Amino acid sequence: MAKKNGAIMYKCSNCGYSQPKWLGRCPECGEWNSLEEIIIDKNNITPGGRGTEEAVKQKPVELANVKAMEAVRFSTGLEEFDRVLGGGATKRSAILLGGEPGIGKSTLLLQTAASAAKLFAKAGTPGAKVLYVSGEESAAQIKDRADRLELDCSGIQILCTSRLEDALDALDAINPLLVIIDSIQTIYSAEAGLIPGTVNQLKYCANELVAWVKERDSVLIMTAHVTKEGTIAGPKSLEHMVDTVISFERNTDDIRFLHAQKNRFGSVDELGIFTMTEKGLVPVQDPTSLFITKRGATQPAGVACTPVFEGTRVFLVEIQALTVPAKASVSRVYSEKIDSGRVARVAAVIEKRCGLKFSDQDIYVNVGGGVRLTESSIDAALACALYSARTDIALKPDTAVFGELTLAGEIRPVRKSKQRIKAAQNLGFTNVFAPEAEEGAVKTEDIKKVIKTLFK
């Protein structure tokens, strides 16, 4: 009798004999209570004919009885990349790396492949290999980039194809520990059509690759392009299918930022920083003063410095503000690196609590170095920068401010105040205004008091 898709069968766990009805004893091998319920599912078969129609029917279990497994990681060889991943790449995980064209995604992944292969060889990991699948460039182009970056390519297998079936065949043959797909938008399968980049192609190909990795102690890294709005191109379901989503960004200089938007195996607060050189991406070891502009004894109006935390590291950043009379009847806020809603809220607090009018001004806000700020500790510094820009009075030199600003004008404490104060003092900021009475800081309770002290 032909097996129907979705039919229930009973298979002996000892000899593999199957039949449509359950029996207490296997007729083939004579083993008792060995027949297990399975379901016939043709969807289990991959495009290359891998797998079997037979799938074990899953049943719910007590969560309290489930044994937790600690994530096993290995280093990619790039310290900043490991930092963003949460301490290294986790086995049986899928990573999606998004960035605009030309930012250096292929360079980053080629450097990762070379450094990881070197670490595998040094550690003597048996059978560890790196497979680099490129659907955009030829093998000669990739080798030319590797020679220009002076990378050791031993231990890296290269496959230049856009067919999913070719990639899966290579995965089965090589069984690599690290798999790199550059990029997922160029991969297609005949099962989902012949045009790469469609919604069905992205979901189908990514699902097949992720499923392969989940069954083995491997790590999958897929690159994806971003749209002009800055989001990863393709369906949002692609982000739900992977374990980690990493954004690769840059400012106007040669600085590159790497941060996680989603990470099932670590924090999303860490920030990886690289500089792009002729030898590739070089990690920034001490980025504390990277975003601070060196000045003389004076500084212009509208500038305030504040220490911020990104993951486990503290940076000193410079918030720049400019106010000009509104060109229309309605004032506007122009801010890319700080949420414009936050800028408007801080300006409203100053107008209400300090009596300085902003409702007839266009407000421009920027952050030195191009880093994006989201934490609440920047409120006090943002308020000082706005006040300074509106009054055209510069802050006192060597001054740093941090703290969360409430609608009542209070400055509330933030986490890790001691580390922020210490980092500011190490860079020569002798006047640190903080919401807590820590050593080396001037305690502040409300924004009005801070402004009177700084701008008297």
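**Salt bridges and burial**

Modeller: Let's start with Arg83 and Glu80, whose side chains meet in a salt bridge with 3.8 Å from N to O. Keep in mind that this is a predicted model.

Colleague: What makes the Arg83 and Glu80 pair a salt bridge?

Modeller: The cut-off is a Lys or Arg side-chain nitrogen within 4 Å of a carboxyl oxygen of Asp or Glu. Arg83 and Glu80 have 3.8 Å from N to O, so the pair counts. Both residues lie in helix α1 (residues 79–85), 3 residues apart, which is about one turn of the helix. They also belong to a network of salt bridges that links Glu79, Glu80, Arg83 and Arg313. Searching the whole structure gives 19 salt bridges.

Colleague: Why is Glu80 called buried?

Modeller: Buried means under 20% relative accessible area. Glu80 has 1%, so it is buried.

Colleague: Arg145 sits in α3. How do you know where the buried residues of α3 lie around the helix?

Modeller: In helix α3 (residues 139–148), the buried residues are Ile142, Arg145 and Ala146. Looking down the axis of α3, they fall within an arc of 100°, so they line one face of the helix. They pack against α2 (105–123), β8 (130–134) and β9 (156–160). Just after α3, Glu150 takes a positive phi of about 55°.

Colleague: Why is Gly135 called partly exposed?

Modeller: Gly135 has 23% relative accessibility, which is between 20% and 50%, so the label is partly exposed. Gly135 is in the loop between β8 and α3. Leaving out residues up to four places away in sequence, Gly135 touches Thr161, Ser162, Asp182, Ser183 and Thr186.

Colleague: What makes Val61 exposed?

Modeller: Val61 is at 68% relative accessibility, over the 50% limit, so it counts as exposed. Val61 is found in the loop between β4 (54–56) and β5 (73–74). Together with Leu63 and Val66, Val61 makes a nonpolar surface patch of about 340 Å².

Colleague: Now for the inside. Which residues have the most contacts in the largest nonpolar core?

Modeller: Ile319, Ile338, Leu373 and Leu386 do, in a core of 45 residues. The largest share, 9 residues, comes from α8. Setting aside neighbours within four places in sequence, the contacts of Ile338 include Ile319, Val365, Leu373 and Leu382. A second, separate core has 33 residues, among them Ala146, Val219, Ile246 and Phe248.

Note on methods. Residues numbered from 1 in each chain as written. Predicted model: local features only at pLDDT ≥ 70, side-chain atom pairs only at ≥ 80, totals over all residues. Heavy atoms only, no water. Patch = residues over 30% accessible without salt bridge, like charges linked within 9 Å, V, L, I, M, F, W, Y side chains within 5 Å. Areas by Shrake-Rupley, 256 points an atom, 1.4 Å probe, with all protein chains shown as cover. Helix = DSSP H or I, 4+ residues; strand = E, 2+ residues; numbered from the N terminus. Buried < 20%, exposed > 50% of the residue type's maximum accessible area, 1.4 Å probe, protein only. Arc of directions from axis to C-beta. Contact = heavy atoms within 4.5 Å. Core = buried A, V, L, I, M, F, W, Y, C linked by side-chain atoms within 4.5 Å.
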